[in-house]
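Here are my notes on this model, as numbered points. Have the structure open while you read.

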Amino acid sequence: MRQDDPIYAHRSPGGGTIWYITRFEDVTAVLKDTDHFVKDVRNTLPPDAQKPRKTSLNRLINENMLFADPPDHTRLRALVNQAFTPRRVEQLVERVQHITDELLAAIAPAAEADLIASFALPMPVRIIAELLGIPPADQAQVADWSQAIISPGSRNLNYSARKRKVRAFVAYLQEMFALRQQKPQDDLISALVQAEEAGERLNEAELSSMVALLLVTGHETTVNLLGNGALALLNHPDQLTILRERPELWETAVEELLRFDGPVETSTTRWVREDFEFMGQQMRRGDVVRVVLASANRDASQFAHPDVLDVTCPDNRHLAFGMGIHYCLGAPLARLEGKIGLKTLFNTFPSLRLAMPADQLAWRSGVLFRGLKQLPVRIQ
Ligand code: HEM
């Protein structure tokens, strides 16, 4: 597609069009153009149209900045920026290392392990839960609720079962907000409850949706940086050798792993605000636009050797975290988790290798995330 049809129109049977954008230059153009491409579908409606009301599930999933446009996005992001500070991330170095060590120690006695289930998933999930301030005793329950909300299909949940879980989750969060309001702790939920910008605060629906967004990103993204990153290095032992000789390169290595096989394959949906021409193609109000980050990150017009993994590569301007106003809020945390997690994994298990041929590994379906279902490895 990138070569032959870089702005590809998929006409869906229902009549709508989904545009897939695959070239680096066009992807950056879409991500920067918030006038023509919007995240809140209601902003594609003519100004005098009545805006549909959101259900409680919709509100929980998308009453947050990832699905908002300016000025709402600007306000929400400014409020969360106050709570999610670089200092808060820096303070996590020791916890990320500790949790990594603990998870790896648990699998050390085994001959084989699935790195996704035993390490790549639980590490970021525990970190985001701790960061938010969810008590350890509640973390399994919260993980169950958020899984039900994010991927009901994989758990065969019908609509009413899902609705019950959403209600229980929102009730839990409301109680948590009230507790933190009365007695703030040194955690992200307390900081979000207290955040104030130009006299504005997050309302309760926005708070719940923000926490749900952070939990989702905690569950679905860094797991793939650790999984895809470990696989890429196992498939490129020459690059691992370089990292063993020059450990100071782990930071550039993480950037290269994000570019080479990043966790997010396409960005979240954007909508065309009104009819207009983009790069010679006539787009219509309400069309869906998906930018394919994974393709842009392999575009030869931007990267000299796009299909070669080179952990020494400096100045790596990849798009794995997106670009523009929706650039990933969690990028500093994800980078920290990726660096500590992968470095410690390969230092702890120097003879780590795949337990099955790489071409037989199963990948998760769907176009949003790029991640393995399992990553079976031999440890000893
Ligand atoms: C390696 C791991 C991660 C990757 C590759 C990643 C990637 C991305 C991308 C591509 C976007 C932009 C989506 C778009 O424009 O449609 C994004 C947004 C976002 N990410 Fe991440 N993410 C990662 C980890 C995290 C973590 C750990 C957190 C939370 C702590 C997080 C929180 C967010 C938030 C809140 C947004 C929305 C920002 C906005 O709309 O202004 N991400 N991420």
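1. Helix 5 (93-107), helix 7 (122-132), helix 12 and helix 14 (250-260) are among the elements covering the buried residues of helix 16, and helix 4 (86-90) is another. Contact here is C-beta atoms, placed from the backbone, within 7 Å. Helices (H or I, at least four residues) and strands (E, at least two) are DSSP runs, numbered from the N terminus.

2. A word on what you are looking at. This is a predicted model, where local features need pLDDT of at least 70 and side-chain atom pairs count only at pLDDT 80 or more, while totals for chains, interfaces and linings use all residues. Residue numbers start from 1 along each chain as its sequence is written.

3. Which residues of helix 16 are buried? They are L333, A334, L336, E337, G338, I340, G341, L342 and L345. Buried means 20 or more other C-beta atoms within 10 Å of a residue's own, exposed means 12 or fewer, and partly exposed is in between, with C-beta atoms placed from the backbone.

4. The length of helix 16 checks out: its 18 residues should span 26 Å at 1.5 Å a residue, and the end C-alpha atoms sit 25 Å apart, which agrees. The expected span is 1.5 Å times one less than the number of residues.

5. Now the ligand. It is surrounded by 26 residues, the closest being S267, G322, C328, G330 and A334; near means a C-beta atom, placed from the backbone, within 6 Å. Helix 11 (204-220), helix 12 (222-235) and helix 16 (331-348) each bring at least two residues to this shell, and helix 11 gives the most, with 4.

6. By class, the shell has 15 nonpolar, 10 polar and 1 charged residues. Here Ala, Val, Leu, Ile, Met, Phe, Trp, Tyr, Cys and Pro count as nonpolar, Asp, Glu, Lys and Arg as charged, and the others, Gly among them, as polar.

7. On to the sheet: 5 strands make an open, mixed sheet in the order 1-2-8-5-3. Strand 1 (7-11) and strand 3 (37-38) are the edges, each pairing on one side only. Helix 1 (residues 24-32) packs on this sheet, touching strand 1, strand 2 (17-21), strand 3, strand 5 and strand 8, with its direction at about 125° to that of strand 8. Axes are lines fitted to C-alpha atoms, for helices over the stretch in contact, and angles run from 0 to 180 degrees between N-to-C directions.

8. Strands pair if DSSP finds at least two bridges between them. Strands 1 and 2 are antiparallel over 5 bridges, with Y8 partnered by Y20 and H10 opposite I18. In their hairpin, which has 5 residues between the strands, G15 takes a positive phi near 110°. Strand 2 runs parallel to strand 8, joined by 4 bridges.

9. Last, R285, in the loop between strand 7 (281-283) and strand 8. Is R285 buried or partly exposed? Partly exposed, because 13 other C-beta atoms lie within 10 Å.

Methods: Two residues are in contact if their C-beta atoms, placed from the backbone, lie within 7 Å.
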